[in-house]
Amino acid sequence: MKQQGKLHYAWVVFGCCIALKLGVAGVVGCLSGNFVTPVVNDLHCPVSQFTLFVSVEAAAMALMYMTASKILTTRRIGVVMGVASAVQVVAIALMSTYHSASMFSISGAFLGLASAFTGFVAIPLVINMWFREKVGMVLGLIMAAGNVATVGYSLLSGWLIDRFGWRNAYLILAAIAFVITVPAAFLLLKSPEELHCEPYGRPAFRREETPESGLTRAQAMRKPVFYVVWLICILYSVSNGVAGYIATFSTMELGQSISFGAKAGMCVQLGCIGCSAVLGFVNDRFGIQAGLMWGTVFSCAGYLMMLGSFKQPSIVLAAALLVGLGGSMYTVQSPLLVRDTLGSRDYPSIWALIMMGNSLAGAFSYSPIGLFYDIGGSYRGAFICVISLFLLALCLGFLANVQKQRLDV
């Protein structure tokens, strides 16, 4: 980690990305959850009217991905991500002032627009700028921090609502997000060009001799492997939504208590923390194919156990943990797969384009997953479907690897 006796600045940037996940990104992830009941009861509105802001956020974020990738690679990243984080903080604070459920969509729009500069596209782009080695480990640890934040803020938000009310809870969470994220973004986030230094793991003498390898976006879009990789990412995006129904499956279909369902959801999150922390290392040490195998084995094992839980409901917790251990394929494996297969030459533009499709696919597929229960009275079909999607993604991953060998990447 040290270069000529000094800590390489890439690790400072790594710390800033952790702060972003522990601050603004973590808070944004818990703005509905525990708030649904108190807000709906206070404003006397339908649940769907309040939670509409989540869909507005997702749509706005997806539409801004291409713009975000261009700005992040041509402007000072500290200023861009600092302003975006500040906008998110203001949007969160404004939620404490609303007296109509429809007004939450205003914050949802601003959260989505700003999240494009701080979330699933931005973090991989910044890591791609700064790291040529240990990319998987670094990205995995950052995403693990995000999973930890999700668990922590879910617990904290519930306590704050009980103690101070939902309006004050939004204000307090906004203040916490500001303190953890905004100063670090403005003061410490820099690009290698701003500091006139090399990325970590790339010797200075090779800078002029070895240009970035890979395809441009135009070249990639003319290759079948681009669409194979994109389809894999979409499959992981859709599969990711099924895990969100495990708590509901536990309570509605297995007849377990609400607290049991909450424990099942927590087990998924704990598994995701472990997966994010380890999956990147697996990719660095053993290659992309090993990462694909990791997610397939744990996810399929978890959902197979879910199918067996009808006779033994107690195994749901262990099954949920296994699902979580394969739960970072969308956030960690997908960006690493794209970078490894198509190269880093035009990675920001390619990844932003792929994420636009991923986000829209995930957003529009999440609600229809519930139709498995509405129509068939069981989530069995959803679990069988996700097992099939993971196996298909694995096969396509090996196909992408074969096609990659024919590219000059």
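This report covers helix packing, nonpolar cores and selected residues in a predicted model.

Residues are numbered from 1 along each chain as its sequence is written, and side-chain values use heavy atoms, with hydrogens and water left out. Because the model is predicted, local features need pLDDT of at least 70 and side-chain atom pairs count only at pLDDT 80 or more, while totals for chains, interfaces and linings use all residues.

**Helix packing**

Two packed helices are described by the angle between their axes and the distance between the axes. Axes here are lines fitted to C-alpha atoms, for helices over the stretch in contact, with angles from 0 to 180 degrees between N-to-C directions. Helices are DSSP runs (H or I, at least four residues), numbered from the N terminus.

| Helix pair | Axes come within | Crossing angle |
|---|---|---|
| Helix 2 (residues 36–43) and helix 3 (residues 47–74) | 9 Å | roughly 125 degrees |
| Helix 4 (residues 77–94) and helix 8 (residues 166–188) | 9 Å | roughly 175 degrees |

Take helix 2 and helix 3, with axes crossing at roughly 125 degrees. That angle makes helix 2 oblique to helix 3. Angles under 35 degrees count as roughly parallel, over 145 as roughly antiparallel, 65 to 115 as roughly perpendicular and the rest as oblique. The crossing of helix 2 and helix 3 is right-handed, a term for the near helix being turned clockwise from the far one by less than a right angle. Helix 2 contributes V36, V39 and V40 to the contact, and helix 3 contributes V47, F50 and T51. Contact means heavy atoms within 4.5 Å. By class, the contact of helix 2 with helix 3 has five nonpolar residues, one polar and no charged. Ala, Val, Leu, Ile, Met, Phe, Trp, Tyr, Cys and Pro count as nonpolar, Asp, Glu, Lys and Arg as charged, and the others, Gly among them, as polar.

Helix 4 and helix 8 cross at roughly 175 degrees. Helix 4 is therefore roughly antiparallel to helix 8. Their contact includes G78, G82 and S85 of helix 4 and Y170, F178 and F186 of helix 8. The contact of helix 4 with helix 8 holds 15 nonpolar, four polar and no charged residues.

**Cores**

A nonpolar core is a set of buried Ala, Val, Leu, Ile, Met, Phe, Trp, Tyr and Cys residues joined through side-chain atoms within 4.5 Å. Buried means under 20% relative accessible area, exposed over 50%, and partly exposed in between (1.4 Å probe, protein chains only). The largest nonpolar core has 100 residues, of which F131, Y303, M306, V338 and W351 touch the most other members. Apart from it lies another core of 32 residues, among them C30, F50, A91 and I161.

N358 sits in helix 17 (residues 347–369). N358 is buried, at 0% relative accessible area. Not counting residues up to four places away in sequence, N358 touches W230, C233, I234, S237, Y330 and W351.

S309 lies in the loop between helix 14 (288–308) and helix 15 (316–325). S309 is buried too, with a relative accessible area of 0%. Leaving aside neighbours within four places in sequence, S309 contacts F249, L254, I315 and V316.

**Positive phi**

Most residues other than glycine have a negative phi. H44, in the loop between helix 2 and helix 3, has a positive phi near 55 degrees. H44 is exposed, at 72% relative accessible area. K134 lies in the loop between helix 6 (122–130) and helix 7 (135–164). The phi of K134 is positive, about 60 degrees. K134 is partly exposed, at 35%.

Note on methods
Helix = DSSP H or I, 4+ residues; strand = E, 2+ residues; numbered from the N terminus.
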